[in-house]
Amino acid sequence: MGKRNNENTDEGSQGFLSIWANQMRAIFKDEGILIFAFLVPILYPLLYSWIYTNEVAREVPVSIVDMSHSNLSREFIDKFDASPNTRVAYHCDNLNEAKDLIGQQKVFGVLYFPEDFQSSVYRMEQSHVQVFCDMSFMLYYKAVFETATEVSQEINTNIQIERSGNWTAREDEISTKPLDFDEVQIFNPTGGYGTFILPGVLMLIIQQTLLLSIGLLAGSKREKAQLSSSSSNNVAFPLRGEQEGAFLRELVGTFLSFFLIYAVMAAYNTLLVPKLFHFTSLLHAPDMLLFMFPYLLACIFFAMTVSFAVKYRENVMLIVVFSSIIFLFISGVSWPQSSIPKFWQWVSSLIPSTFGIRGFIRMNTMGARLSDIMPEYIALWLQTIFYFILTLCITKYYRNKSLKKI
């Protein structure tokens, strides 16, 4: 009896290894899967990181309308042009000419100095400089508006010092800045867009390329099954035999194939890419590895569940293209989570990337440990269990359906 059990165990192990080997061969023979499982996770993070390497917009072109032609307006323009974030590209005679340049995308902001710009200051009155910004480019707006604000504050300080009649530099400091403060940008010291958006994109790439790869594999098997007159099985991962454990080995073989591939891709995306481009990275590698384990499990089983809706290979492309931007927005990385409508918050709780992005940002940008992100960590384990059971149920349903046709 013991010998027979050992023989069954050996046969099960050989069957599992055979299934796993077949899945790996199917993956490496499919050019589409190779592109989405290897090239895209490797090249997309490099491309995004390279695009956002500068972190902030520099040398944003601005036009000047100086109706004052005074020393004070020229001083303002010189300081504005000396900033690394902006440059004076055009001098216009009127405001309409400057607005036309914005419409032609030659400049992204306008500084307008009225005729009484300097004379108002001499009369002890408040003077104004008008700043017009192209709000369709938020980074350009930030560069133009912040630079104009900093220059105006600096000139205000100099005017206060000149009129204060103080004797010492300390008196000048107190009169111009009675309440001292330090501005510290926590978690994103450079205020850069790359440090802000890249962590979310990296985690989303892992999930979406898994959707593509597993969807392509499922679509290929269904197309082959439709061409084969001997097979009417509609399951994405065909069953071998009628034993209850056969379909479990099939799913585990598929899971293990993608898990081994994406364990490497996930380490590359989360640990190596931020270091290569010097983005903020406060990760603790052991905590990150523990966090990525349920994230990969949840993404794989989520992709398996979605793959049952893939009848043809091309279908999965439509699913991923349609869902990628939605998944990024509802994760709370580009828009505050509290401002997302309740319905979409509920939808986001079903997507692994939601909790993966939130947890990774806290660990990578804020230096959180695993104990600090327990809600996200637990949510990923719950999603893993949910999608694993859902995959089993759907697979068993199609298995029973196919057996009835025999």
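Figure 1. Met-292 sits in helix H10, where helices are DSSP runs of H or I with at least four residues, strands are runs of E with at least two, and both are numbered from the N terminus. Leaving out residues up to four places away in sequence, Met-292 touches Met-203, Ile-206, Ala-266 and Thr-270; contact means heavy atoms within 4.5 Å. Met-292 is buried at 5% relative accessibility. Buried means under 20% relative accessible area, exposed over 50%, and partly exposed in between, with a 1.4 Å probe and protein chains only. The C-alpha atoms of Met-292 and Gly-359 are 9.7 Å apart, and 67 residues separate the two along the chain. The model is predicted: local features need pLDDT of at least 70, side-chain atom pairs count only at pLDDT 80 or more, and totals for chains, interfaces and linings use all residues. Residues are numbered from 1 along each chain as its sequence is written, and side-chain values use heavy atoms, with hydrogens and water left out.

**Figure 2. Leu-296 in helix H10.** Helix H10 spans residues 285–307 and holds Leu-296. Leu-296 is buried, with 3% relative accessible area. Beyond its neighbours within four places in sequence, Leu-296 contacts Ile-206, Phe-259, Tyr-262, Ala-263 and Ala-266.

**Figure 3. Ser-257 in helix H9.** Helix H9 runs over residues 244–276 and includes Ser-257. The relative accessible area of Ser-257 is 0%, so this serine counts as buried. Neighbours within four places aside, its contacts are Trp-20, Gln-23, Met-24 and Ile-27.

Figure 4. Which residues of H3 are buried? They are Leu-72, Ser-73, Phe-76, Ile-77 and Phe-80. These residues cover an arc of only 135° around the axis, so they share one side of H3. The arc is that of the directions from the helix axis to the C-beta atoms. Asn-71, Asp-78 and Ala-82 are exposed on the other side. Cover for the buried residues includes strand S1 (60–66), S2, strand S3 (109–113), helix H5 (117–122) and helix H6 (138–164).

Figure 5. Ser-83 lies in the loop between helix H3 (71–82) and strand S2 (86–92). Ser-83 is buried, at 13% relative accessible area. Apart from neighbours within four places in sequence, Ser-83 is in contact with Glu-59 and Thr-147.

**Figure 6. The buried face of helix H4.** In H4 (residues 95–103), the buried residues are Leu-95, Ala-98, Leu-101 and Ile-102. Seen down the axis, they fall within an arc of 115°, so they line one face of the helix. Exposed Asn-96 and Gly-103 are on the face turned away from the buried side. What covers the buried residues includes S1, S2, S3 and strand S4 (130–133).

**Figure 7. Salt bridges.** Side chains of opposite charge can pair when their charged atoms come close. A salt bridge here is a side-chain nitrogen of Lys or Arg within 4 Å of a carboxyl oxygen of Asp or Glu. The count comes to five. Arg-313 pairs with Asp-30, with the closest N and O atoms 2.6 Å apart. Arg-313 lies in helix H11 (313–330) and Asp-30 in the loop between helix H1 (2–29) and H2, so the pair ties together parts that are 283 residues apart in sequence. Arg-313 is partly exposed at 21%, whereas Asp-30 is buried at 13%. Arg-369 and Asp-287 also meet in a salt bridge, at 2.4 Å from N to O. Arg-369 is in the loop between helix H13 (352–366) and helix H14 (374–405), and Asp-287 is in helix H10, so this bridge links parts 82 residues apart in sequence. Arg-369 is partly exposed, at 38% relative accessibility; Asp-287 is buried, at 10%.
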